[in-house]
Amino acid sequence: MEKKQIAIVGAGVSGLLACKYLLSKGFHPIVFEARSDIGGAWIKTVETTMLQTPKQLYQFSDYPWPDSVTTDFPDHNQVLDYIQSYASHFDLRKHIKFNRKVVGIEFEGLSGEDGKSWSFWNGNGQPFGSRGKWTVAVEDAKNHSTEVHQVDFVILCVGRFSDVPNIPEFPPKKGPEAFHGKVIHSMDYSDMDYEAAANLVKGKRVTVVGLQKSALDIAMECTTANGLENPCTVLYRTEHWNIPDYFPWGFPLAYLYLNRFAELLVHKPGEGFLLSLLATMLSPLRWAISKFVEADIKKKHRLAKFGMVPKHSFLQELSSCLTITVPEKFYDKVEEGSIILKKSQDFSFCEDGIVVDGQTTPLKADLVILATGFKGDVKLKNIFLSQTFQDYLAGSPTEKLPLYREIIHPQIPQLAIIGFSESISNLYTSEMRCRWLAELLDGAVKLPSIKEMEEDMRKWDEYMKRYSGKYYRRSCIGALHIWYNDQLCKDMGWNPKRKKGWFAELFEPYGPVDYAPPSTSN
Ligand SMILES: Cc1cc2nc3c(=O)[nH]c(=O)nc-3n(C[C@H](O)[C@H](O)[C@H](O)COP(=O)(O)OP(=O)(O)OC[C@H]3O[C@@H](n4cnc5c(N)ncnc54)[C@H](O)[C@@H]3O)c2cc1C
Ligand SMILES: NC(=O)c1ccc[n+]([C@@H]2O[C@H](COP(=O)([O-])OP(=O)(O)OC[C@H]3O[C@@H](n4cnc5c(N)ncnc54)[C@H](OP(=O)(O)O)[C@@H]3O)[C@@H](O)[C@H]2O)c1
């Protein structure tokens, strides 16, 4: 039978994985990449960026890190080399069209409204229908021309943390336009070459907004450039359990949170009565483990001294995929005064700098860097030309992005999304999803009815709200990655239990190599 034409948008790790697993099923995908190289988020970033997930977790299941990389946390050049050598090893480059930005996709043959009357995805529960195709409009940056491609299936791997910055909203005349200094987003800073970035902050009073990874890394670079002469202000609204390392009190965090036992302590979407009862009975242990980790972070970072103790639990941090590693010596810089931490729920601009909650004197600044994250959902939505599909994808603002298995939207036919929902290691998660998707496209995975898919999505939404609090829109499966992978495995007809013996099954942490194809597993 003739294989269908499939377009993959993006050649970061998700796009490469999608390409690799589709090739393994005999498809010949065409990958469109807006940039001139592969690697996505890792192509250009802040100079001091390192992998913050231990490399054993951020690893292709069948392609180990080279022996030459001895550290657990490789720098961004090493990560990029690893990703690029994966692409070369599996000969993926020839399938990629570089400098091709997909500017819009449109489904021809069916109206988006048809999805409302379906009982099964795509009308028939199959990945390919006979009634429609996607038209993919692609801008060729070199020739300044637009090509149009017709394909049977589209896989969006456009990345979540780039291109569309999250810029806070301000009342009229109180935004960046009121400020006499310069305002940029962390994305602009990381796009600059290293010397230009260092020169930009040198000798300036810099305020960095945010308290997550981009903010902390940039603040460290500012303080390296300016020291005590021009302290860097970090303006934040929520304290976080940003971790010093992966060994609270010397005990591996993975044994506390990344094994099956840890998942028994939380309520899981779709769990039965016994698992639910067990999670309830074990909730004091869940609480104690969270406190154990929190006490270690508090002590190592001296959080109480700096007024930085979060109000939420460590479990919530992990369940929201917000556990980031703090740059070394960050709190030493706070102690010496070259980094000033300032809390405010809101802020606005004036001529001289930033006005924070309840203060009349502004924080004087020459440069404000908004490390306020990205709008990955808006980026995805904007790729659809049809308003109906845009609305489907956006879903409700009070629910997580409506994706079944975090991959397909029940009302959007012949299309999958890889790389939106997060985990402890986004590479690992993307690989599992691409394998599931390849099986779906090959006919081995059968989807339930839309009603059943929606019920499953509702349960995951409930789980995320329960454990991630206000961060549920991050769609994080990090604290339940084994339970989540179990579902993918069952769909694919694999044994979800990947360890040898019940003890290992219960207590050994799970990671990508547990799911390695049989020929490459140890
Ligand atoms: C600085 C930084 C550090 C990170 N560190 C970690 C970490 O330590 N651990 C971890 O698990 N995760 C980390 N992440 C998250 C990271 O996003 C993922 O690990 C992973 O690299 C995402 O891969 P992706 O392919 O899904 O997306 P990306 O890597 O963002 O790739 C998307 C690709 O799609 C292309 N593209 C986008 N739109 C279009 C279009 N319209 N047409 C054509 N091409 C398009 C882009 O050019 C890009 O190449 C980090 C992210 C950043 C930004
Ligand atoms: N490996 C690495 O070294 C590395 C480096 C950079 C980035 N990354 C990854 O890239 C992803 C993006 O990271 P990121 O730090 O750019 O973004 P992020 O994780 O989304 O964090 C955004 C920060 O901005 C704050 N914020 C958002 N809107 C705000 C507003 N209106 N006013 C004030 N503060 C606001 C948030 O505060 P609240 O918490 O209060 O919402 C949060 O502190 C993450 O997955 C991260 O781990 C990794």
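Let me start with ligand 1. It is surrounded by 33 residues, and the closest of them are Gly-10, Gly-12, Gly-40, Gly-159 and Gly-419. Please keep in mind that this is a predicted model.

Where does the shell around ligand 1 come from, in terms of helices and strands? At least two residues each are supplied by α1, which is 13-24, by β4, which is 100-108, and by α14, which is 426-441. Sorted by class, the shell around ligand 1 holds 15 nonpolar residues, 15 polar residues and three charged ones.

I will stay with α14 for a moment. Its axis comes within 10 Å of the axis of helix α16, residues 481-492, and the two cross at roughly 20°. That angle is under 35 degrees, so α14 counts as roughly parallel to α16. As for handedness, the crossing of α14 and α16 is left-handed. Which residues make the contact? On the α14 side they are Met-432, Trp-436 and Glu-439. On the α16 side they are Asn-485, Leu-488, Asp-491 and Met-492. By class, the contact of α14 with α16 has four nonpolar residues, one polar residue and two charged residues.

Now the domains. The chain is divided into two: domain 1 covers 6-162 + 376-476, and domain 2 covers 176-368. Between the C-alpha centres of domain 1 and domain 2 the distance is 28 Å. The contact between them involves 24 residues of domain 1 and 27 residues of domain 2. On the side of domain 1 that touches domain 2, the residues divide into eight nonpolar, eight polar and eight charged.

That brings me to ligand 2. From which domains does the shell around ligand 2 draw residues? Domain 1 and domain 2 each provide at least three. In total, 23 residues surround ligand 2, with Pro-168, Gly-210, Gln-212, Thr-238 and Gly-373 the closest. Helix α5, residues 213-226, gives the largest share of this shell, namely four residues. The classes in the shell around ligand 2 are ten nonpolar, ten polar and three charged.

To recap: ligand 1 has 33 residues around it, and ligand 2 has 23. Helix α14 supplies at least two residues of the shell around ligand 1, and α14 also crosses α16 at roughly 20°. The shell around ligand 2 takes residues from both domain 1 and domain 2.

Terms used
Residues numbered from 1 in each chain as written. Chains lettered and ligands numbered in written order. Predicted model: local features only at pLDDT ≥ 70, side-chain atom pairs only at ≥ 80, totals over all residues. Near = placed C-beta within 6 Å. Nonpolar A, V, L, I, M, F, W, Y, C, P; charged D, E, K, R; others polar. Axes fitted to C-alpha atoms, helices over the stretch in contact; angles between N-to-C directions. Parallel < 35°, antiparallel > 145°, perpendicular 65-115°, else oblique. Left-handed = near helix turned anticlockwise from the far one by under 90°. Contact = placed C-beta atoms within 7 Å. Domains from an automatic or database assignment.
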